[in-house]
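Have the model open and follow along.

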Amino acid sequence: MGERSRTASRSRLAPRDPRRITPDVWYRNGVSEGETPDRILRGLIEGGRARIVAVTATAAVREMTSRHRTLGLSAVALGRAAVAGLLLATLTKDEEQVTLQVLGNGPLGGVTVDARSSGRVRGFVKRPGAVTWDARQAGGPRVSIGEAIGRQGVVAVTRDLGMAQNYSGQVGLQSGEIDEEVERYLNTSEQIDSLLRCDTLVDDEGKVTAAAGLLLQTLPQAHGAAIVEFMRDTLRGPCFSTVLEQALASGQLDPEAVAKAALGQCAGGMQVLDRREVAFFCPCSRERAAATLGMLRSEDLQEMILESNEAEVTCNFCGAGYRFSEVELEHIRRRHGGTSVQG
């Protein structure tokens, strides 16, 4: 579940809830009044020659960045990865979970996202505080995160379709720009002629104002490669970022409007197949946290009991913390084959 365990002094624990600790939240959770809800749209263009997936995920990305106190370049990286993960998770008819990892040699270290075809998403940046934010970067046509991510490393994708074996693939990093890297992954590793564009806009303070993305793919034997190539030329550089800025300014930040604005003449006759809502979601729980502690060696649990009398497990994805007393730690230790500790 992406958790880490550590011992904790009692003074660091939230007094209102002795069992669960939640982080401070910078943004108000959910969708603000008058704001369009996050959604995914799936459809076809050009008479079924290519499929289109469009995503808006502003509120979900704000939730993630607030939980991790992520601003500026870190917020842009997390938002782009979250949108890219949602786009990847909508390519099958069945329930699918995709784990996207962009791991580089830059100061951020990497980004990890879990996304489901149902529209649920969560994620985190490995070292979110490793880069500083310059407000002047918000005024450019597109914020570059290549140096922050790094240009050496891997893009790894794991698809879980609920079957016995998962599908995994990876490619090496080149530019460090997440949407470019994921597009190259689709074209080389999964060998699907694809165009992927996504962006996360931030204000002068580095807080998220919009997050959205677009995926265009040719369908098998549908002869849509020319459409994908045409749109790849049309949406080069900061073009999609400009589309997103204009959608935000006009109050039309919904996936259908973003898709039509980005596709231009190719959007004529777009057939919408389905829509679904997008939301931040983390399935972490106290039970999963206990299972994480149960994976530790008996000696490590014994050290926690004798030295600190307690332990805390923190979820990497949502920042929630779960506290365990010495009695609970001893129960966990015994369940996994340890003997009682003499204090």
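Strands β10 and β11 pair in the antiparallel sense over 9 bridges; strands here are DSSP runs of E of at least two residues, and two of them pair if DSSP finds at least two bridges between them. V202, for instance, has V208 in β11 as its bridge partner. This is a predicted model, in which local features need pLDDT of at least 70 and side-chain atom pairs pLDDT 80 or more, while totals for chains, interfaces and linings use all residues. Residues are numbered from 1 along each chain as its sequence is written, and side-chain values use heavy atoms, leaving out hydrogens and water.

Now widen the view. The pair belongs to an open, antiparallel sheet of 5 strands, ordered β10-β11-β4-β3-β12. β10 (194-202) and β12 (271-277) are the edges: each has a single partner strand, so one side of each lacks a neighbour in the sheet.

Next, find helix α7 (residues 255-263); helices are DSSP runs of H or I, at least four residues long. Which of its residues are buried? They are P255, V258, A259, A262 and L263, where buried means under 20% relative accessible area with a 1.4 Å probe, protein chains only. They sit on the same side of α7, because they cover an arc of only 115° around the axis, taken from the directions from the helix axis to the C-beta atoms. Their cover includes β3 (39-45), β4 (50-56), β11 (208-218), α5 (225-234) and α6 (239-250), with contact meaning heavy atoms within 4.5 Å. Just after α7, G264 takes a positive phi of about 60°.

Definitions and conventions
Buried means under 20% relative accessible area, exposed over 50%, partly exposed in between (1.4 Å probe, protein chains only).
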